[in-house]
Amino acid sequence: MTAREFILSFPYCTPGIGDVTFDLADGTDSMHRFVYHTEGSFFNVGRAHRDALVKAHGRLDPLIGDIIRDEMSTNWWRHLLSSIPLAWCGMWAGRMWGLLLVPLFVCACIRAIREDRPLLLLYAAPAVAMLGLHAAVANHYTRYNLILIGPLVAGAAWIISTWLSNSWSDSNGRP
């Protein structure tokens, strides 16, 4: 991933911004490598490398451990940096609703930590782990992170219900 792709991936993957600014369907613009079916995409480059290894060695299973170890020993920091925008791209399950749900979920997580109420964090842990795993294997499509919808909605509901409860109490003169 180039530095330009890294920077542009954030607006590209943000619902409502990327839809208007970039060519999400055909990938004919600066972000064509994020569209799996375009020439030179991350998916096609990885698949071509995999197919070449299978053709040369018959099977990939015996080789994969050494390949990962060699790559991570030299380029771990590039892999980690590339995973950040891929996680950003994958976290918008719910598309436009994500623009509301994700910030409210972050607020709910902060509140859960401050109030020492870890249940939401425990509930969200598998979903966040899957988001990280999918980003690590360069799978940035939201359809693989639908598991996020439950924790996002639960966190948003907690924050919204608190706001409504507080505003109702304030309007009725209750402390």
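Student: Which residues in H5 meet which residues in H6?

Tutor: Contact here means heavy atoms within 4.5 Å. From H5, the residues are Phe-105, Ala-108, Cys-109, Ala-112 and Ile-113, and they meet Leu-120, Leu-121 and Ala-124 in H6. Helices (H or I, at least four residues) and strands (E, at least two) are DSSP runs, numbered from the N terminus. This is a predicted model, in which local features need pLDDT of at least 70 and side-chain atom pairs count only at pLDDT 80 or more, while totals for chains, interfaces and linings use all residues. Residues are numbered from 1 along each chain as its sequence is written, and side-chain values use heavy atoms, with hydrogens and water left out.

Student: How many residues of the contact of H5 with H6 are nonpolar, polar and charged?

Tutor: For the classes, Ala, Val, Leu, Ile, Met, Phe, Trp, Tyr, Cys and Pro count as nonpolar, Asp, Glu, Lys and Arg as charged, and the others, Gly among them, as polar. The contact of H5 with H6 has eight nonpolar residues, no polar and no charged.

Student: And how do I describe the way two helices pack?

Tutor: Two packed helices are described by the angle between their axes and the distance between the axes. Axes are lines fitted to C-alpha atoms, for helices over the stretch in contact, and angles run from 0 to 180 degrees between N-to-C directions. The axes of H5 and helix H6 (residues 119-136) come within 8 Å and cross at roughly 130°. H5 and H6 are therefore oblique to each other: angles under 35 degrees count as roughly parallel, over 145 as roughly antiparallel, 65 to 115 as roughly perpendicular and the rest as oblique.

Student: At what angle do the axes of H1 and H4 cross?

Tutor: The axes of helix H1 (residues 3-13) and H4 cross at roughly 10° and come within 9 Å. That makes H1 roughly parallel to H4. On the H1 side, Phe-6, Ser-9, Phe-10 and Cys-13 meet Leu-81, Ile-84, Pro-85, Trp-88 and Cys-89 of H4. This contact of H1 with H4 divides into eight nonpolar residues, one polar and no charged.

Student: Are Cys-13 and Cys-89 buried or exposed?

Tutor: Buried means under 20% relative accessible area, exposed over 50%, partly exposed in between (1.4 Å probe, protein chains only). Both Cys-13 and Cys-89 are buried.

Student: Now the backbone. Which residues other than glycine have a positive phi?

Tutor: Two examples are worth a look. Arg-95 has a positive phi of about 45° and lies in the loop between H4 and H5. Arg-95 counts as partly exposed, at 35% relative accessibility. Asp-116 is a residue with phi near 55°, placed in the loop between H5 and H6. At 67% relative accessibility, Asp-116 counts as exposed.

Student: What is the mean pLDDT of the chain?

Tutor: pLDDT is the predictor's confidence in each residue, from 0 to 100. The chain has a mean pLDDT of 86, and 95% of its residues reach 70 or more.
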